[in-house]
Amino acid sequence: HYGLAMQYYCHFTSPIRRYSDLETHRIINELIIKPNKKFDETLMHFNNVIGEICLQVSETEKKAVELERKVDDMKSAEYMQSYIGKIFNGTITSVTSFGIFVMLENTIEGLVHIKNMPDFYTYDEKKNCLIASYTKVVYNIGDRVKVRCIGANKANRQIDFILVSSFK
C-alpha cells in the first residue's frame, strides 16, 4: 500500500456492497482461514479467475459512477426548474470552446453558452480561457461570476445560464 509503505495490504468496505471485497473475503477464507486439502488447486483457480473478476468489477464501477452522475444532473435540473429567472453567484469550473460551466454556491452546475454571452469570444486552448474580441474580457477557471438561470431541462439533464456580471 503506497500510503502505508506496506508491500501487502487489504482494506475492506462492505462485502455486501462491493463484489471486489466479497471476492477478497472468499480468497482469504478459502486459502487462509479455512484452507482445504486442495490448496494448490484452489490457489490456481483464483489465479485463473481474478483478472476477469477485476475487469468486471472495474467496468461495473464505471457504469455505476456514470449513472450516478446522470441522476445527479437530472435531479439538479429538476431542482433548478423552480429558480428560472433567478440570479446566483458562482465560480467558473470549466472553460470550453462553446462556453463556460459555472458552479453555484449550492453546488449546482450549469452552462453559459457563448451564444448567451455578450461579445464574440475566442477560445485559447493553451491558456484554457475565453477571450472577448471587443472588450478583451477573459474568463478563466476559478473566476467568480453572477449568472441568471434561463433554463433547466430535466429530460436532457441540462441547466442553462446567462452571464450577468463578473467579480473581477
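**The largest pocket and its surroundings**

Mentor: The residues that line the largest pocket divide into three nonpolar, four polar and four charged, where nonpolar covers Ala, Val, Leu, Ile, Met, Phe, Trp, Tyr, Cys and Pro, charged covers Asp, Glu, Lys and Arg, and polar takes in the others, Gly among them. Before we go on, note that this is a predicted model, in which local features need pLDDT of at least 70 and side-chain atom pairs count only at pLDDT 80 or more, while totals for chains, interfaces and linings use all residues. Residues are numbered from 1 along each chain as its sequence is written, and side-chain values use heavy atoms, with hydrogens and water left out.

The lining consists of Asp 73, Ser 76, Phe 101, Glu 109, Gly 110, Leu 111, Asn 156, Arg 157, Gln 158, Ile 159 and Asp 160. Two or more of these residues come from each of α2, β3 (109-113) and β8; helices (H or I, at least four residues) and strands (E, at least two) are DSSP runs numbered from the N terminus. The pocket (on a 1 Å grid over the protein atoms alone, an open set of points where a 1.4 Å probe fits, with protein on both sides within 12 Å along at least five of seven lines, and lining residues having an atom within 4 Å of a point) holds about 210 Å³ of space, a volume filled by probe spheres set on points joined across faces, edges and corners.

Now follow helix α2, residues 39-80, whose 42 residues should span 62 Å at 1.5 Å a residue, and whose end C-alpha atoms are 58 Å apart, which agrees; the expected span is 1.5 Å times one less than the number of residues. This helix bends by about 40° at Val 49, the bend being the angle between axes fitted to the seven residues ending there and the seven starting there.

Ser 76, one of the lining residues, is also among the buried residues of α2, together with Thr 42, Phe 46, Ile 53, Val 57, Ala 77 and Met 80; buried means under 20% relative accessible area, exposed over 50%, and partly exposed in between, with a 1.4 Å probe and protein chains only. These buried residues pack against α1 (19-33), β1 (87-96), β2 (99-104), β7 (144-153) and β8 (158-166). Lys 70 also lies in α2, but it is partly exposed, with a relative accessible area of 34%.

Methods: Contact = heavy atoms within 4.5 Å.
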